[in-house]
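Here are a few exercises to work through with the model open. Try each one before you read its solution.

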Amino acid sequence: MRTLSPLEARVLGVLVEKQATVPDTYPLSLNALVAGCNQKTARNPVIEATEAEVLVALEGLKSLSLVFEGSGSRVVKFEHNAARVLQVPGAAVALLAVLMLRGPQTAAELRLNTERLHRFADISSVEGFLEELAAKPEPMAIKLNRAPGEREARWAQLLCGEVAQPAGSVARSAADEMASAGVGAAEFSALRAEQTRLAAEVAELKALVQRLARELGVE
C-alpha cells in the first residue's frame with residue numbers, strides 16, 4: 001500500500017475515533033468529518049482543512065479501500081475499513097488512529113489516549129501490539145530513539161512514510177536502560193557475569209543431553 005498523506009491519515013484516524021466515541025452518529029457525514037479533522041483538542045498538529053481538501057483525501061482513501069460510502073441515508077456518509085485492509089486487530093487500529101491524530105507518543109500516553117477506543121490491560125500490552133506493528137514485513141510503527149531529557153522513547157506510525165528521529169537523540173544501550181531503571185554499575189556488572197555463567201551452564205547441559213542421546217541411539 002502506498003503511503004498516506006497527512007490529511008488522509010487525519011481523516012482515517014477521525015473515522016476510527018468517532019466510530020468508538022460517538023457510535024450514534026457514525027458513519028460520518030462530510031460536515032462531521034471536517035469538524036473532526038479540525039478539532040482543537042486531541043489533535044497534533046491542529047489544522048484547518050476545507051471540505052474540498054477532505055473530499056480529495058476521502059477519494060484517496062477510497063481508492064485504497066480504507067474508506068467507503070455508507071448506504072441507507074439521504075446524506076452521504078463515510079466509514080472506515082482499516083482493520084480488514086491493514087490486516088491488524090482492533091487494538092492495533094486504535095493505536096494507529098491515536099498516533100495519526102496526536103503524533104508520536106510513549107506507550108503510557110497511548111494507553112491513556114486510547115482508553116475510549118480500546119482498553120488495554122497494562123502498558124506492556126500496548127507495547128506488545130506496537131512491537132507487532134513494527135515487526136511486520138512493511139512496518140506500520142516505529143519506536144523512536146529517546147530524545148535528550150526524556151525518560152521514555154516515543155512511538156510513531158509509519159503509514160505516512162518514514163519519521164525523522166528526535167534532534168540530538170541517540171539509541172539507548174543496555175547500560176542506559178539499566179541506569180534509567182535505577183540499576184547501578186556494580187549491579188549491572190554482576191548481572192552481566194551471571195548471564196555469562198548461565199550461558200556456560202546451558203552449553204554444558206546441551207552437550208550432556210547430546211552425549212546421552214548418542215548413547216541411547218536417539219536423535
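**Exercise 1: two packed helices**

In this predicted model, helix α2 (residues 30–37) packs against helix α3 (residues 51–63) at an angle of about 100°, and their axes lie 10 Å apart. Work out how α2 and α3 are oriented to each other, and find which residues meet.

Solution. Start with the angle, about 100°. Angles of 65 to 115 degrees count as roughly perpendicular, so that is how α2 and α3 sit to each other. Next, look at the contact: Leu30, Asn31, Leu33, Val34 and Cys37 from α2 meet Glu51, Val54, Leu55 and Leu58 from α3.

**Exercise 2: strand β3 and its partners**

Find which residues of strand β3 (residues 77–80) are on the covered face and which on the uncovered one, then look for the strands that pair with β3.

Solution. Side chains in a regular strand alternate between the two faces of the sheet. In β3, Phe78 and His80 make up the covered face, while Lys77 and Glu79 make up the uncovered one. Now the pairing: strand β1 (residues 28–29) runs antiparallel to β3 over two bridges, with Leu28 partnered by Phe78. Strand β2 (residues 67–69) is also antiparallel to β3, joined by three bridges, and here Phe68 is partnered by Glu79.

**Exercise 3: helix α7**

Check the span of helix α7 (residues 123–134), and find where its buried residues point.

Solution. At 1.5 Å a residue, the twelve residues should span 16 Å, and the end C-alpha atoms are 16 Å apart, which agrees. The buried residues of α7 are Val126, Leu130 and Leu133. Viewed down the axis of α7, they fall within an arc of 55°, so they line one face of the helix. Their cover includes α5 (90–102), α6 (107–113), β4 (141–143) and β5 (155–157).

Definitions and conventions. Residues are numbered from 1 along each chain as its sequence is written. This is a predicted model: local features need pLDDT of at least 70, side-chain atom pairs count only at pLDDT 80 or more; totals for chains, interfaces and linings use all residues. Side-chain values use heavy atoms; hydrogens and water are left out. Helices (H or I, at least four residues) and strands (E, at least two) are DSSP runs, numbered from the N terminus. The expected span of a helix is 1.5 Å times one less than its number of residues. Buried means under 20% relative accessible area, exposed over 50%, partly exposed in between (1.4 Å probe, protein chains only). The arc is that of the directions from the helix axis to the C-beta atoms. Contact means heavy atoms within 4.5 Å. Two strands pair if DSSP finds at least two bridges between them. Axes are lines fitted to C-alpha atoms, for helices over the stretch in contact, and angles run from 0 to 180 degrees between N-to-C directions. Angles under 35 degrees count as roughly parallel, over 145 as roughly antiparallel, 65 to 115 as roughly perpendicular and the rest as oblique.
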